[in-house]
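Please walk me through this structure, from the overall chain down to single residues. A plain account in running text is enough.

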Amino acid sequence: MQQPWLNGLNPEQKLAATTSEGHIRVLAGPGTGKTRALTARYCYLTETLGVPARNILCVTFTNKAANEMKQRIRAWLGDLDLGYIGTIHSFCVQFLKEEIHALHFPKNFIILDTEDERALLLKIFEDLGLTLREATIKQKMDEVLEARKISADGYIDEIFTLDNALLEKRIAETDEVNEAIFLRYLYEQKKNFACDFNDLINFTAYILRKFPEVLHKWQERMQYVMVDEFQDVSARQYFIAQMLAGKHKNLFIVGDPDQTIYTWRNAHVKLFLDFDKTYPDAQTIVLHTNYRSSPEILKASEALIEKNVLRYPKTLTAIKPNGPRPLYFHAQSEKEEADWIAEEIKKLLTSGIAPDQIAVLYRSHFLSRSLEESFSRNALNYKIYSGTEFYSRAEIKDCVAYLRMLTAADDVAFLRTINSPSRKIGKKKLQYLKEVAAQERISLFEALKRTVSQDIFKGTGARKYVYAIETVSHEKHSHPLGTVLQKILDLSGYENHLRLQSDQERLDNVAELKRAVQQAGEDPDTTLEDFLAKVALLTNMDGKDKREAVKLMTIHSSKGMEFPFVFICGLNEGVFPSRKISTPEEMDEERRIAYVAMTRAINRLYLSDSEGVANDNVFKLPSRFIFDIGRENLNYVRELPQSFEGRVKRLSAIQTATAFQVGELVSHPVFGIGRILEVNTKSLSYKIKFEKLETERDIQFRAPLTHG
Ligand SMILES: Nc1ncnc2c1ncn2[C@@H]1O[C@H](COP(=O)(O)OP(=O)(O)OP(=O)(O)O)[C@@H](O)[C@H]1O
């Protein structure tokens with residue numbers, strides 16, 4: 001029998017593709033062809049063994065990965081119904097459409113995405129008479145919805161066993177805000193027959209657990225269960241796969257614990273590592289031929305990941321021909337770093353490389369700002385693959401509109417800012433302003449200034465808005481640009497409004513804008529108008545043809561991809577690894593993220609960092625990852641000042657020495673016994689309440705503390 005799907009596979013890949021029975025774990029390092037092996041396995045099951053597609057569940061991490069797999073399979077097998085190849089969420093939707101009646105929901109239940117959740121919570125805030133000051137939407141999404149739905153699924157009993165009247169009574173009785181919000185949310189869900197993303201997983205797991213006849217039916221159906229990117233599935237998703245494979249006992253998982261980068265969504269390296277403990281009959285197949293990267297890139301990546309503690313040691317062999325070692329550039333400033341990247345890209349383009357062969361990866365969205373500015377100065381076409389370009393992000397547009405209110409005070413900027421934050425100036429009032437402006441042939445802002453004392457604006461924030469714009473506008477020439485921006489953000493209440501939503505990514509972006517404005521202001525000849533003109537030109541690039549463009553994206557969104565030329569920028573302590581890291585486990589995850597980034601590269605890899613001051617005003621040092629990789633594995637464009645390595649090592653030693661956790665008892669040579677109240681990794685100190693001292697004290701990590 002012809003089996004073209006097995007052609008060209010190496011012996012381990014072939015073994016993975018053709019071992020159909022039992023519990024099988026495939027440890028597949030980056031670039032070892034796991035997608036290829038998985039696809040071959042699917043064809044082997046359906047064609048060689050004759051298993052119907054409806055009896056095979058294949059769980060992928062993203063829709064994109066599912067589509068790619070389907071395409072490859074169809075190329076071999078023609079048009080086939082590949083119904084159960086998809087993400088775990090899409091499987092759950094299929095499952096619930098058939099089974100959700102068990103929970104008295106109709107099969108046309110609605111699915112709430114994150115935006116819907118946010119909107120629903122806002123409505124609940126209003127209904128409960130909560131103001132944003134008391135609690136913020138983002139906080140509540142994390143604290144109430146995520147936390148409660150991820151940690152336990154007892155809430156499902158509540159939704160389905162309590163009738164509406166009882167639920168309403170519980171809401172009325174509780175005086176705990178989070179409980180009230182949560183119950184209300186459940187009430188709304190029930191009323192609208194709505195499921196959010198967590199529910200899709202939870203309801204499925206719940207039905208499988210509580211309804212044996214349903215479990216039986218699906219176990220019968222799912223004769224082969226395969227899970228791709230297993231390192232990033234959560235415990236509950238794993239539970240679903242285990243339940244489904246419970247009868248035929250054919251569970252095939254493939255992944256790489258070194259690439260676990262979704263611990264924050266409850267994935268855990270241990271689930272993969274412990275598979276053989278859970279299933280003592282499990283067979284482990286290791287794919288160790290790396291087809292993707294040059295030996296030099298692979299060696300540098302391996303040197304980095306070896307510094308992690310909790311891992312399954314593996315050795316990868318590169319089969320690509322030798323190439324240059326990864327290049328490392330330490331820049332004196334962010335601008336120099338971005339310009340260096342732009343210059344290197346230009347060299348590649350001149351040598352005939354197509355722009356879409358090149359990717360620039362970064363840890364966080366805000367890092368794209370200096371790159372975008374440099375690329376536009378250098379007329380390089382780029383496309384942001386994850387999220388929006390820096391100056392097109394909503395919060396940046398808001399800030400820029402506020403700055404424009406200080407210069408042009410045009411109607412577009414006015415309409416963007418007047419109700420952000422909300423100032424209770426609704427449609428009717430705006431209509432009134434438009435009429436005044438049209439009659440008098442003046443701008444909307446001018447119209448507001450003239451009418452602000454009228455009754456129509458009573459009880460609104462109009463007067464404060466006018467005051468903020470006027471005050472900062474008058475002072476704008478006597479302060480540096482950075483101060484002007486800070487003042488308008490303070491007086492308008494905009495920054496506070498963002499803070500209340502506690503959306504860290506937006507705040508990071510605004511902090512980055514402040515630094516850009518401050519840097520622009522360092523040139524005394526640059527006026528606010530000049531800065532705004534520069535920004536306008538940057539945003540005007542939006543319409544350009546992006547097909548032939550360099551790709552910019554966060555590392556998380558580069559998962560599973562590969563590019564001939566990869567740049568990783570912003571390799572600084574406090575940025576990557578991020579300053580938010582507080583435990584050795586989190587540091588391991590940062591290192592895995594760096595590993596994922598490095599192993600995307602096929603031919604050449606470029607690493608860079610820059611000196612200067614970070615968002616938190618701390619002097620930036622090169623990332624410890626540069627030293628983890630080792631001098632011998634990198635080509636340095638410029639030598640580092642000698643003191644740097646020692647400083648970074650000391651910093652890492654102090655951070656990994658955060659031996660104590662919140663709640664632990666410690667003993668101090670002078671203050672005696674105390675309890676850790678906070679671990680502050682930014683200031684590298686603990687907050688401790690000592691028994692014999694009345695007030696709490698900040699004590700540095702390096703103080704001689706022992707377990708109390
Ligand atoms: N047996 C093989 N012979 C030649 N090339 C192969 C073979 N298997 C895989 N490749 C090539 O290796 C590269 C990586 O394969 P694939 O994308 O399947 O890897 P992966 O294991 O899914 O990677 P990652 O986990 O890093 O995302 C691809 O370019 C693929 O064509």
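Helices and strands are DSSP runs numbered from the N terminus, a helix being a run of H or I of at least four residues and a strand a run of E of at least two. The model in which it sits is a predicted one.

Ser-478 has 8 other C-beta atoms within 10 Å, and because a residue with 12 or fewer counts as exposed, Ser-478 is exposed. Between Ser-478 and Gln-504 there are 26 positions in sequence, and their C-alpha atoms are 31 Å apart in space. Pro-480 belongs to the loop between α22 and α23 as well. Its count is 14 C-beta neighbours inside 10 Å, so Pro-480 is classed as partly exposed. Pro-480 and Thr-526 are 46 residues apart along the chain, with 9.9 Å between their C-alpha atoms.

The overall chain comes next. The protein chain contains 30 helices and 22 strands. Its radius of gyration is 28 Å, close to the 27 Å that the globule rule gives for 708 residues, so the chain is as compact as a globular protein of that length. Along the principal axes, the C-alpha atoms fill a box of roughly 85 × 70 × 65 Å. Of the 708 residues, 39% are buried. Among contacts in the protein chain with a separation of 6 or more, 74% are between residues 24 or more positions apart.

One helix pair can be described in detail. Two packed helices are characterised by the angle between their axes and by the distance between those axes. For helix α24 (residues 494-501) and helix α25 (residues 504-521), the angle is about 150° and the axes are 8 Å apart. That angle makes α24 roughly antiparallel to α25. The contact brings Glu-495, Leu-498 and Arg-499 of α24 against Arg-506, Leu-507 and Val-510 of α25. By class, the residues in this contact are 3 nonpolar and 3 charged, with no polar ones.

The ligand is surrounded by 17 residues, of which the closest are Pro-30, Gly-33, Lys-34, Thr-35 and Tyr-291. Helix α2 (residues 34-48) gives the most to this shell, with 3 residues. Sorted by class, the shell has 9 polar, 4 nonpolar and 4 charged residues.

Some backbone details remain, starting with cis peptide bonds. The bond joining Ser-420 and Pro-421 is cis, with omega at about 5°. Pro-421 lies in the loop between α19 (411-417) and α20 (427-440). Another cis peptide bond runs from Phe-576 to Pro-577, and its omega is near 10°. Pro-577 is in the loop between β15 (563-568) and α28 (584-598).

Which residues other than glycine have a positive phi? Lys-424 is one of them, with a phi of about 60°, and it is found in the loop between α19 and α20. Lys-424 has 11 C-beta neighbours inside 10 Å and therefore counts as exposed. Ala-379 also has a positive phi, near 50°. Its place is in the loop between α17 (368-377) and β13 (382-384). Ala-379 is exposed too, with 9 other C-beta atoms within 10 Å.

Note on methods
Residues are numbered from 1 along each chain as its sequence is written. This is a predicted model: local features need pLDDT of at least 70, side-chain atom pairs count only at pLDDT 80 or more; totals for chains, interfaces and linings use all residues. Axes are lines fitted to C-alpha atoms, for helices over the stretch in contact, and angles run from 0 to 180 degrees between N-to-C directions. Angles under 35 degrees count as roughly parallel, over 145 as roughly antiparallel, 65 to 115 as roughly perpendicular and the rest as oblique. Two residues are in contact if their C-beta atoms, placed from the backbone, lie within 7 Å. Ala, Val, Leu, Ile, Met, Phe, Trp, Tyr, Cys and Pro count as nonpolar, Asp, Glu, Lys and Arg as charged, and the others, Gly among them, as polar. A residue is near a molecule or strand if its C-beta atom, placed from the backbone, lies within 6 Å of it. The radius of gyration is taken over C-alpha atoms; the globule rule is 2.2 Å times the number of residues to the power 0.38. A residue is buried if 20 or more other C-beta atoms lie within 10 Å of its own, exposed if 12 or fewer, and partly exposed in between; C-beta atoms are placed from the backbone.
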